Amino acid sequence: MPTLILVRHGRSTANTAGVLAGRTPGVGLDERGAEQAAALPARLSALAPVLAVSSPLERCRQTLQPLLDARPDLPLHTEDRISECDYGHWSGRKLAELADEPLMSVVQQHPSAAAFPGGESMRAMQARAVDAVRDWNGRVEAAHGEDATYVMCSHGDIIKSLVADALGMHLDLFQRVHVDPCSVTAIRYTRLRPSSCGSATPATWPPWRRAGTRSGRTPPPPLGGPRGGRRGRRRRGRAVIAPGSRVDAP
(Lines give C-alpha, C1' and ligand atoms only; values in the text may rest on other atoms or scores of the structure.)
Protein backbone atom coordinates (compact mmCIF):
# COMPACT_ATOMS: atom_id res chain seq x y z
CA MET A 1 0.00 0.00 0.00
CA PRO A 2 1.12 3.64 -0.41
CA THR A 3 3.33 5.75 1.82
CA LEU A 4 1.57 8.75 3.29
CA ILE A 5 3.46 11.99 3.93
CA LEU A 6 1.57 13.98 6.55
CA VAL A 7 2.33 17.70 6.67
CA ARG A 8 1.01 19.87 9.44
CA HIS A 9 0.20 23.41 8.28
CA GLY A 10 2.80 26.09 8.97
CA ARG A 11 2.59 28.36 11.98
CA SER A 12 -0.65 30.32 11.87
CA THR A 13 -1.79 33.67 13.21
CA ALA A 14 -3.86 31.76 15.77
CA ASN A 15 -0.79 29.78 16.93
CA THR A 16 1.05 33.06 17.47
CA ALA A 17 -1.88 34.61 19.34
CA GLY A 18 -2.44 31.56 21.55
CA VAL A 19 -5.96 31.07 20.20
CA LEU A 20 -7.72 27.77 19.53
CA ALA A 21 -8.63 28.42 15.90
CA GLY A 22 -10.61 25.31 15.12
CA ARG A 23 -12.56 25.92 11.92
CA THR A 24 -12.75 29.69 12.35
CA PRO A 25 -12.54 31.21 8.85
CA GLY A 26 -9.77 33.59 7.85
CA VAL A 27 -6.96 32.02 9.90
CA GLY A 28 -3.88 31.97 7.69
CA LEU A 29 -0.14 31.54 8.06
CA ASP A 30 1.90 34.16 9.85
CA GLU A 31 5.28 35.32 8.53
CA ARG A 32 7.13 32.38 10.09
CA GLY A 33 4.51 29.96 8.76
CA ALA A 34 4.95 31.34 5.25
CA GLU A 35 8.70 30.78 5.55
CA GLN A 36 8.11 27.21 6.70
CA ALA A 37 5.80 26.58 3.75
CA ALA A 38 8.32 28.07 1.32
CA ALA A 39 10.91 25.54 2.52
CA LEU A 40 8.61 22.56 1.99
CA PRO A 41 9.46 21.89 -1.69
CA ALA A 42 13.16 21.50 -0.86
CA ARG A 43 12.39 19.24 2.09
CA LEU A 44 10.34 16.95 -0.15
CA SER A 45 12.68 17.19 -3.15
CA ALA A 46 13.77 13.54 -2.88
CA LEU A 47 10.18 12.31 -3.14
CA ALA A 48 7.86 11.89 -6.09
CA PRO A 49 4.34 12.23 -4.69
CA VAL A 50 1.58 11.34 -7.12
CA LEU A 51 -0.96 13.73 -5.60
CA ALA A 52 -1.62 16.03 -2.66
CA VAL A 53 -4.66 16.11 -0.37
CA SER A 54 -5.53 19.14 1.75
CA SER A 55 -7.84 20.09 4.55
CA PRO A 56 -10.27 22.72 3.23
CA LEU A 57 -8.98 25.31 5.71
CA GLU A 58 -6.94 28.24 4.43
CA ARG A 59 -3.80 27.59 6.47
CA CYS A 60 -3.38 24.13 4.94
CA ARG A 61 -3.92 25.34 1.38
CA GLN A 62 -1.37 28.11 1.97
CA THR A 63 1.14 25.57 3.29
CA LEU A 64 0.87 23.42 0.18
CA GLN A 65 0.92 26.30 -2.33
CA PRO A 66 4.75 26.54 -2.64
CA LEU A 67 4.89 22.78 -3.28
CA LEU A 68 2.19 23.10 -5.94
CA ASP A 69 4.03 26.04 -7.51
CA ALA A 70 7.23 23.97 -7.64
CA ARG A 71 5.37 20.96 -9.06
CA PRO A 72 2.65 22.35 -11.35
CA ASP A 73 1.64 18.85 -12.47
CA LEU A 74 0.90 17.70 -8.91
CA PRO A 75 -2.88 17.20 -8.55
CA LEU A 76 -4.50 18.73 -5.47
CA HIS A 77 -7.62 17.31 -3.83
CA THR A 78 -9.60 18.76 -0.92
CA GLU A 79 -10.78 16.37 1.78
CA ASP A 80 -13.31 17.55 4.36
CA ARG A 81 -12.65 14.57 6.63
CA ILE A 82 -9.14 15.81 7.48
CA SER A 83 -10.35 19.28 8.45
CA GLU A 84 -9.53 20.55 11.94
CA CYS A 85 -11.38 19.11 14.91
CA ASP A 86 -14.71 20.86 15.42
CA TYR A 87 -14.07 22.49 18.79
CA GLY A 88 -17.56 24.00 18.80
CA HIS A 89 -17.99 26.78 21.36
CA TRP A 90 -14.29 26.58 22.22
CA SER A 91 -13.27 27.81 18.76
CA GLY A 92 -11.71 31.26 18.78
CA ARG A 93 -11.04 31.29 22.52
CA LYS A 94 -7.66 31.83 24.16
CA LEU A 95 -5.83 28.68 25.22
CA ALA A 96 -4.92 30.30 28.54
CA GLU A 97 -8.62 30.79 29.23
CA LEU A 98 -9.53 27.25 28.16
CA ALA A 99 -6.92 25.80 30.51
CA ASP A 100 -9.30 26.53 33.41
CA GLU A 101 -12.19 24.60 31.84
CA PRO A 102 -12.90 21.26 33.62
CA LEU A 103 -13.14 19.56 30.22
CA MET A 104 -9.51 20.41 29.42
CA SER A 105 -8.17 17.82 31.87
CA VAL A 106 -10.36 15.22 30.16
CA VAL A 107 -9.02 16.29 26.76
CA GLN A 108 -5.47 15.84 28.01
CA GLN A 109 -5.85 12.72 30.14
CA HIS A 110 -8.84 10.82 28.72
CA PRO A 111 -9.46 12.22 25.20
CA SER A 112 -11.57 9.25 24.11
CA ALA A 113 -14.22 10.57 26.54
CA ALA A 114 -13.95 14.20 25.43
CA ALA A 115 -16.66 15.90 23.37
CA PHE A 116 -16.52 19.64 22.74
CA PRO A 117 -19.66 21.67 23.53
CA GLY A 118 -21.37 22.47 20.27
CA GLY A 119 -18.70 20.49 18.39
CA GLU A 120 -17.55 16.91 17.93
CA SER A 121 -15.96 14.23 20.08
CA MET A 122 -12.31 13.35 19.71
CA ARG A 123 -13.33 9.77 18.90
CA ALA A 124 -15.36 11.04 15.96
CA MET A 125 -12.46 13.23 14.86
CA GLN A 126 -10.07 10.29 14.74
CA ALA A 127 -12.59 7.97 13.06
CA ARG A 128 -13.27 10.32 10.15
CA ALA A 129 -9.57 11.04 9.64
CA VAL A 130 -8.63 7.34 9.65
CA ASP A 131 -11.48 6.59 7.24
CA ALA A 132 -10.23 9.33 4.92
CA VAL A 133 -6.68 7.97 4.90
CA ARG A 134 -7.85 4.41 4.27
CA ASP A 135 -9.99 5.62 1.37
CA TRP A 136 -7.14 7.63 -0.14
CA ASN A 137 -4.74 4.72 0.30
CA GLY A 138 -7.08 2.59 -1.79
CA ARG A 139 -7.51 5.25 -4.47
CA VAL A 140 -3.79 5.96 -4.72
CA GLU A 141 -2.86 2.27 -4.88
CA ALA A 142 -5.50 1.56 -7.52
CA ALA A 143 -4.31 4.41 -9.72
CA HIS A 144 -0.55 4.45 -9.07
CA GLY A 145 0.48 1.15 -7.47
CA GLU A 146 1.41 0.02 -3.99
CA ASP A 147 4.76 1.83 -3.94
CA ALA A 148 3.25 5.26 -4.57
CA THR A 149 3.70 8.20 -2.20
CA TYR A 150 1.23 11.00 -1.59
CA VAL A 151 1.09 14.13 0.56
CA MET A 152 -1.68 15.10 2.96
CA CYS A 153 -1.75 18.50 4.72
CA SER A 154 -3.83 18.68 7.87
CA HIS A 155 -3.87 19.80 11.51
CA GLY A 156 -2.12 18.90 14.75
CA ASP A 157 -4.81 16.84 16.47
CA ILE A 158 -5.74 15.11 13.20
CA ILE A 159 -2.14 14.09 12.50
CA LYS A 160 -1.57 12.98 16.10
CA SER A 161 -4.64 10.77 15.92
CA LEU A 162 -3.46 9.26 12.63
CA VAL A 163 -0.02 8.53 14.07
CA ALA A 164 -1.65 6.93 17.11
CA ASP A 165 -3.74 4.74 14.82
CA ALA A 166 -0.68 3.73 12.80
CA LEU A 167 1.19 2.76 15.98
CA GLY A 168 -1.74 0.82 17.45
CA MET A 169 -2.03 3.30 20.31
CA HIS A 170 -5.30 3.94 22.11
CA LEU A 171 -6.65 7.44 21.55
CA ASP A 172 -6.10 8.12 25.27
CA LEU A 173 -2.36 8.02 24.55
CA PHE A 174 -2.36 10.31 21.53
CA GLN A 175 -1.36 13.36 23.58
CA ARG A 176 2.06 11.69 23.89
CA VAL A 177 2.56 12.43 20.19
CA HIS A 178 3.41 15.99 19.25
CA VAL A 179 3.80 17.53 15.79
CA ASP A 180 5.25 20.99 15.16
CA PRO A 181 3.95 23.43 12.55
CA CYS A 182 5.04 22.30 9.08
CA SER A 183 6.49 19.06 10.42
CA VAL A 184 6.57 16.16 7.97
CA THR A 185 5.55 12.72 9.22
CA ALA A 186 5.78 9.58 7.08
CA ILE A 187 3.52 6.56 7.56
CA ARG A 188 4.09 3.48 5.45
CA TYR A 189 1.03 1.30 5.00
CA THR A 190 1.29 -2.39 4.19
CA ARG A 191 -1.23 -5.20 3.79
CA LEU A 192 -0.77 -6.28 7.41
CA ARG A 193 -0.05 -3.09 9.32
CA PRO A 194 1.09 0.55 9.06
CA SER A 195 4.22 1.93 10.67
CA SER A 196 5.37 5.45 11.43
CA CYS A 197 8.65 6.30 9.69
CA GLY A 198 9.35 9.62 11.41
CA SER A 199 10.38 13.00 9.97
CA ALA A 200 13.56 14.32 8.39
CA THR A 201 15.43 17.11 6.62
CA PRO A 202 16.32 16.78 2.92
CA ALA A 203 19.77 15.53 3.93
CA THR A 204 18.30 12.64 5.93
CA TRP A 205 15.19 11.98 3.85
CA PRO A 206 13.66 9.44 3.47
CA PRO A 207 13.93 8.70 7.21
CA TRP A 208 13.64 4.92 6.75
CA ARG A 209 16.70 4.89 4.45
CA ARG A 210 19.14 7.33 6.01
CA ALA A 211 19.91 8.10 9.63
CA GLY A 212 19.01 11.48 11.06
CA THR A 213 19.46 13.30 14.33
CA ARG A 214 17.07 13.01 17.22
CA SER A 215 15.55 16.40 17.87
CA GLY A 216 12.32 17.96 18.98
CA ARG A 217 10.95 20.71 21.15
CA THR A 218 9.27 21.26 24.44
CA PRO A 219 5.55 20.37 24.25
CA PRO A 220 3.28 23.40 23.68
CA PRO A 221 0.17 24.50 25.56
CA PRO A 222 -2.65 21.97 25.10
CA LEU A 223 -4.67 22.03 21.87
CA GLY A 224 -4.41 24.35 18.93
CA GLY A 225 -0.69 23.77 18.36
CA PRO A 226 2.51 25.51 19.43
CA ARG A 227 3.70 28.92 18.47
CA GLY A 228 6.23 27.07 16.38
CA GLY A 229 9.75 27.23 15.10
CA ARG A 230 11.97 26.34 18.06
CA ARG A 231 13.73 23.09 18.78
CA GLY A 232 13.98 21.46 22.15
CA ARG A 233 14.36 17.90 23.30
CA ARG A 234 12.28 14.85 24.00
CA ARG A 235 10.50 15.10 27.36
CA ARG A 236 7.74 13.61 29.48
CA GLY A 237 7.28 10.51 27.38
CA ARG A 238 6.08 12.39 24.29
CA ALA A 239 7.13 11.62 20.75
CA VAL A 240 8.14 15.03 19.45
CA ILE A 241 8.32 15.61 15.69
CA ALA A 242 9.87 18.94 14.72
CA PRO A 243 10.35 20.50 11.29
CA GLY A 244 13.50 19.09 9.76
CA SER A 245 14.15 16.49 12.45
CA ARG A 246 13.84 12.76 12.85
CA VAL A 247 12.16 11.11 15.81
CA ASP A 248 11.65 7.37 16.08
CA ALA A 249 8.22 5.98 16.91
CA PRO A 250 7.44 6.13 20.65
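Predicted model: local features only at pLDDT ≥ 70, side-chain atom pairs only at ≥ 80, totals over all residues.

Q: How many helices and strands are in the chain?
A: The chain has 7 helices and 8 strands. These are DSSP runs numbered from the N terminus, helices being H or I runs of at least four residues and strands being E runs of at least two.

Q: Why is Val53 called buried?
A: Buried means under 20% relative accessible area, exposed means over 50%, and partly exposed lies in between (1.4 Å probe, protein chains only). Val53 has a relative accessible area of 0%, and is therefore buried. This residue lies in strand S2. The C-alpha atoms of Val53 and Leu76 are separated by 5.7 Å, although the two are 23 residues apart along the chain.

Q: What makes Leu44 count as buried?
A: Its relative accessibility is 1%, so Leu44 counts as buried. Leu44 belongs to the loop between helix H2 (31-43) and strand S2 (52-54). Not counting residues up to four places away in sequence, Leu44 touches Ile5, Leu67, Arg71, Val151 and Val184. Of these, Val184 is 140 residues from Leu44 in sequence and 9.0 Å from it in space, C-alpha to C-alpha.

Q: How do you know that Glu79 and Arg81 meet in a salt bridge?
A: A salt bridge requires a side-chain nitrogen of Lys or Arg within 4 Å of a carboxyl oxygen of Asp or Glu. The N to O distance for Glu79 and Arg81 is 3.0 Å, and the pair meets the criterion. Glu79 is buried because its relative accessible area is 8%, whereas Arg81 counts as partly exposed because its relative accessibility is 27%.

Q: What makes the pair of Arg81 and Asp135 a tie between separate parts of the chain?
A: The side chains of Arg81 and Asp135 form a salt bridge at 2.7 Å, N to O. Arg81 lies in the loop between strand S3 (76-78) and helix H4 (95-98), and Asp135 in helix H6 (residues 122-144), so the pair ties together parts that are 54 residues apart in sequence. Asp135 counts as partly exposed because its relative accessibility is 40%.

Q: Which residues form one network with Glu120 and Arg128, and what joins them?
A: Glu120 and Arg128 meet in a salt bridge of 2.6 Å, N to O. Salt bridges that share partners join Arg23, Glu120 and Arg128 into one network. Both Glu120 and Arg128 are buried. The structure holds 11 salt bridges.

Q: Why is H2 called oblique to H3?
A: Axes are lines fitted to C-alpha atoms, for helices over the stretch in contact, and angles run from 0 to 180 degrees between N-to-C directions. Angles under 35 degrees count as roughly parallel, over 145 as roughly antiparallel, 65 to 115 as roughly perpendicular, and the rest as oblique. The axes of H2 and helix H3 (residues 58-70) come within 8 Å and cross at roughly 40°, which means that H2 is oblique to H3. Among the residues that make the contact are Ala37 and Leu40 of H2, and Leu64 and Leu67 of H3.

Q: Why are H6 and H7 called roughly perpendicular?
A: The two helices pack at an angle of about 70°, with their axes 9 Å apart, and therefore H6 and H7 are roughly perpendicular to each other. Met122, Met125 and Arg128 are among the H6 residues in the contact, and Ile158, Leu162 and Asp165 among those of H7.

Q: What makes helix H7 mostly covered?
A: In helix H7 (residues 156-166), 10 of the 11 residues are buried, including Asp157, Ile158 and Lys160. In the chain, buried residues make up 54% of the 250 residues.

Note on methods:
Residues numbered from 1 in each chain as written. Heavy atoms only, no water. Contact = heavy atoms within 4.5 Å.
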